2 protein chains.
Amino acid sequence: MARFDFTIRATDGGARTGTIAMPRGEIRTPAFMPVGTAATVKAMKPEAVRESGADIILGNTYHLMLRPGAERVAKLGGLHRFMNWPRPILTDSGGYQVMSLSDLRKITEEGVTFASHLDGSRHLLTPERSMEIQRLLGSDIVMAFDECPRADQPRDEIARSMEMSMRWARRSREGFYAGGEHAEGAALFGIQQGALDEELRRQSADALVDIGFDGYAIGGLAVGEGQEAMFATLDFAPDQLPADRPRYLMGVGKPDDLVGAVERGVDMFDCVLPTRSGRNGQAFTWNGAINLRNARFAEDTGPLDERCTCPTCATYSRAYLHHLVKAGEMLGAMLMTEHNLGFYQQLMQAMREAIGEGRFAGFATQFRREYLNG
Amino acid sequence: MARFDFTIRATDGGARTGTIAMPRGEIRTPAFMPVGTAATVKAMKPEAVRESGADIILGNTYHLMLRPGAERVAKLGGLHRFMNWPRPILTDSGGYQVMSLSDLRKITEEGVTFASHLDGSRHLLTPERSMEIQRLLGSDIVMAFDECPRADQPRDEIARSMEMSMRWARRSREGFYAGGEHAEGAALFGIQQGALDEELRRQSADALVDIGFDGYAIGGLAVGEGQEAMFATLDFAPDQLPADRPRYLMGVGKPDDLVGAVERGVDMFDCVLPTRSGRNGQAFTWNGAINLRNARFAEDTGPLDERCTCPTCATYSRAYLHHLVKAGEMLGAMLMTEHNLGFYQQLMQAMREAIGEGRFAGFATQFRREYLNG
């Protein structure tokens, strides 16, 4: 079985569609990866995640290293067995969350020392340790360890950070291949940094290609810069990365973000938005997002979305979901999450089909007309 | 189709097994009814509730009259359609919860005036209004409206309350049959009161039989009197009720409560325990209840119960459930609830089989040995 074969089946403008073949299964691209932070896609059984159309999910190194612990997951047979998800799992490196969630961070060339947000215990995360943790988890797609600076920093700070991330990328690759057998079944992605700066992004891309990775992520976006600045960066960043390798835009995004990024050559995404919004009573539809807390849904017998094929839309009315959300019932979070993940996967499938049939520009125009004016 | 046919297939000592045939489906007895308070069995999809083995669920009049409102449920096509449960639903009368949950109660011969615990709005619940609400919900088994006094009250207070409940029972029957078409598809149960007093229970049973009901509930137990006092009451209360009608012990209970009550002639039960405990990390097993928060489960690769056939036990380890419960993940509540409901239904099925095969005494002895000493 192929360790990692990326095949582009069709291109349409900047957009591409294809497949990534891996030992644990095939990933159709453009792909959306639901986030399974703590060894669970929140409020979803894994079989329902699969039925929604997901080929791969994401796990968070930072959360899992703290609870239940990477060594414990390994002892229990690895993350796939632990959480009953037999298909590919991509794990992040912990770099982003150690910055955003932990306390008392100290960053040096060696790595990041931090205190757990759960119990205050002290930890050191380095490129080598991040690779070891992702190996212990049994990750299929391992992410290089990087620093993700805020986009509003001075340019020389962005440059300094990016250059350290590139040194960490090299150490990540060395650590990954030191993992031996695991590296034979897993793939390693590098992460481009450089914030919104074209020249820094170019330098970062060149450094990563020089090291050599199975795929390339675009990091440091979706950190508050806004869609316009993100799209302006995506007008050049994907093209700086090898055309024959998957490009993964980390932490993105809203449905219209996905369409605009696919248009610009991105192949993979992850985001907590469909799951988190679902738990908060927000549903995504082809006519925009709606909040089920709104009293106007109290006697609405229609489904969340007329065109959606998810189990929630096949069975339940907006009136019932309004009731569950208002009453704070767990079933509301379950059904809304299932819908949102289903909608996201249906959107990815519609994009894959439109690209394959050479009509992506028309699809994107119609999507935006309906979604943004719904 | 039969409106309400109770057939006793076999008896074994005081225990009975049989079926209740109703237009929306058959109920195997002894039956355990999961509680679906606010039009949802918490953390469960209705299809999973059915797959666990439930033939009937319970809905709460008090909660549903306040949110989303009985008239609204009727407008939306009734409770079955609203919540996607096509099988029988038993609704309580609101009498118990108006006492335990509402504010500013005032009880008169007419009924109970109270303030909603949700928004403080004022409501009047009477036998007639309770029948109307249960009709609007589309209930299959309607409960008479009663007062449920605390068991530690003086005997004359218990007697006074029971006598008023019997007058309310007669008004309930009149209100129920005034409902016309609904009454043709639904059944009405009376509720015996009298706390722990054999003579008051006798008077209550005689009053109910004089009015005439499709089934008879034993109310006013499981309110803090303890298992010994409850069993002492069940040594006489079921036999005071007609042998050819179902006997329903309201709000009970723990697995060993169920076995002891079936032994004493009870046919139906409802309780929040399996669902509420599941959300709190407690699992029921053939060897007793276990709390998954306990650190001893952190690396336990076994299922919750070796003999359980529920989806949770088929798939997930105690170690994974320990992780989910500790992390406060919704999936933990979902999987634990599914197990507990599955375990309760497997216990009911085992009792039905043991009664049918004339070996219930041996079953009960072995159950208690394993469950209480596990």
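Student: How many bridges join strand β4 (residues 31-34) of chain B to β14(B)?

Tutor: Good place to start, and keep in mind that this is a predicted model. The strands β4(B) and β14(B) run parallel. One pairing to look for is Phe32(B), whose bridge partner in β14(B) is Phe269(B). The number of bridges joining the two strands is 4.

Student: And which residue of β14(B) does Tyr248(B) stand opposite?

Tutor: Look at strand β13 (residues 247-249) of chain B, which runs parallel to β14(B). These two strands are joined by 2 bridges. Tyr248(B) stands opposite Met268(B).

Student: Are the residues of strand β14 (residues 268-271) of chain B buried or exposed?

Tutor: Let's take the two ways that they point in turn. Met268(B) and Asp270(B) point one way, while Phe269(B) and Cys271(B) point the other way. Whichever way they point, all of them are buried.

Student: Let's move to chain A. Which residue follows α6(A)?

Tutor: Helix α6 of chain A covers residues 127-137. Its buried residues include Pro127(A), Met131(A) and Leu137(A). The residue that follows the helix has a positive phi, near 90°, and is Gly138(A).

Student: Now for the two chains together: what area is buried between chain A and chain B?

Tutor: Begin with the contacts: 37 residues of chain A are in contact with 37 residues of chain B. Glu299(A), His323(A) and Met330(A) supply 18% of the area that chain A buries against chain B, more than any other three residues. Carbon and sulfur atoms give 60% of the whole buried area, which is about 3300 Å².

Student: Last one: how many residues of the side of chain A that touches chain B are nonpolar?

Tutor: Let's set the other groups aside before we get there. On that side of chain A, 5 residues are polar and 11 are charged. The nonpolar residues there number 21.

Technical notes. Residues are numbered from 1 along each chain as its sequence is written. Chains are lettered from A and ligands numbered from 1 in the order in which they are written. This is a predicted model: local features need pLDDT of at least 70, side-chain atom pairs count only at pLDDT 80 or more; totals for chains, interfaces and linings use all residues. Side-chain values use heavy atoms; hydrogens and water are left out. Contact means heavy atoms within 4.5 Å. Buried area is the accessible area (1.4 Å probe) that two parts lose on being put together, summed over both. Ala, Val, Leu, Ile, Met, Phe, Trp, Tyr, Cys and Pro count as nonpolar, Asp, Glu, Lys and Arg as charged, and the others, Gly among them, as polar. Buried means under 20% relative accessible area, exposed over 50%, partly exposed in between (1.4 Å probe, protein chains only). Two strands pair if DSSP finds at least two bridges between them.
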